[in-house]
Amino acid sequence: AQSTFAQTQRLLAFGRDVSTKYTRRNRKEYEKIADYIGAVTEAQQGNYMVFFPSYSFMEHIYEIYEQYFMTEEEECLVQQESMNEEEREYFLNRFRGNEDCDLQSLIGMEIEEEEEQTLIGFCVLGGIFGEGIDLKKDSLIGVIVVGTGLPQVGCEREILKDYFDDNGENGFDYSYRYPGMNKVLQAAGRVIRTAEDVGIIVLLDERFRQYSYRRMFPREWEQVVPVTVDTVAKKVERFWDAWLWQQR
């Protein structure tokens, strides 16, 4: 079905100079991803979520971001591996602007009294914050998806792959690529929830330029803007400037 949302409500970009492949996971690549996050979130004050392929990967990036890129006008929330219901609600309520939860000690951070600041949630693809949540309007104005969401190689996945290969299908698609892209699309779908929503989606992995991944993009993802770590800030700024001009 055709999307009912206008293309002007959303900027969709992908970083063509960054990769999350296991062979490319090093300090230089981590710093580039952290730089991307800083460039995107600095362009417009608001609430953002960044989704990572694993907790370990997320922790590497967060450590670098906190040390070199985080500003005094920002607050970061980090998804933990085991969060109870109260902790999950606290996390979401921070995006909704509800600061009545007394869970600072559980999360391990102080709540800022400053109202006008950027809030960044560091989350995991396929986790509790990647699907089934509604953060409407200003509750979330941007999502950054790091990686293609491919599951880890395992015995069950390899059996599934062999089964489809033996039946003339592409086993890698069924066992890895489809589940991975489903998580990517779920995370990206957190941004535009209503006709009034506006926001940006940035996909960080050079593999998104490959046909094998782009053929799984939804119909409304026809206009994808390629960016690099040096150009993404300008693209995002122009999008927000154009949107604000339209609202005058």
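Contact here means heavy atoms within 4.5 Å, and helices (H or I, at least four residues) and strands (E, at least two) are DSSP runs, numbered from the N terminus. This is a predicted model, in which local features need pLDDT of at least 70 and side-chain atom pairs count only at pLDDT 80 or more, while totals for chains, interfaces and linings use all residues. Residues are numbered from 1 along each chain as its sequence is written, and side-chain values use heavy atoms, with hydrogens and water left out.

In these terms, Arg157, Glu158, Leu160, Lys161, Phe164 and Asp165 of helix 5 meet Gly171, Phe172, Tyr174, Ser175, Tyr176 and Pro179 of helix 6. By class, this contact of helix 5 with helix 6 comprises 6 nonpolar, 2 polar and 4 charged residues, where Ala, Val, Leu, Ile, Met, Phe, Trp, Tyr, Cys and Pro count as nonpolar, Asp, Glu, Lys and Arg as charged, and the others, Gly among them, as polar. The axes of helix 5 (residues 155–166) and helix 6 (residues 171–188) come within 5 Å and cross at roughly 135 degrees, which makes helix 5 oblique to helix 6. Axes are lines fitted to C-alpha atoms, for helices over the stretch in contact, and angles run from 0 to 180 degrees between N-to-C directions; those under 35 degrees count as roughly parallel, over 145 as roughly antiparallel, 65 to 115 as roughly perpendicular and the rest as oblique.

Helix 1 (residues 27–43) and helix 2 (residues 55–68) form another pair, packing at an angle of about 65 degrees with their axes 9 Å apart. The residues of their contact divide into 9 nonpolar, 3 polar and 2 charged.

Turning to the sheet, 7 strands form an open arrangement in the order 3-4-2-5-6-1-7, with parallel pairing; two strands pair if DSSP finds at least two bridges between them. Strand 3 (74–78) and strand 7 (225–227) are the edge strands, each pairing on one side only, and the twist averages 20 degrees from one strand to the next. Strand 1 (residues 10–15) pairs with strand 7 in the parallel sense over 3 bridges, and Phe14 has Pro226 in strand 7 as its bridge partner.

Helix 6 packs on this sheet, touching strand 2 (47–52), strand 5 (142–146) and strand 6 (199–204), and its direction makes about 165 degrees with that of strand 5. Helix 8 (residues 232–246) lies across strand 1, strand 2, strand 6 and strand 7, running at about 160 degrees to strand 6.
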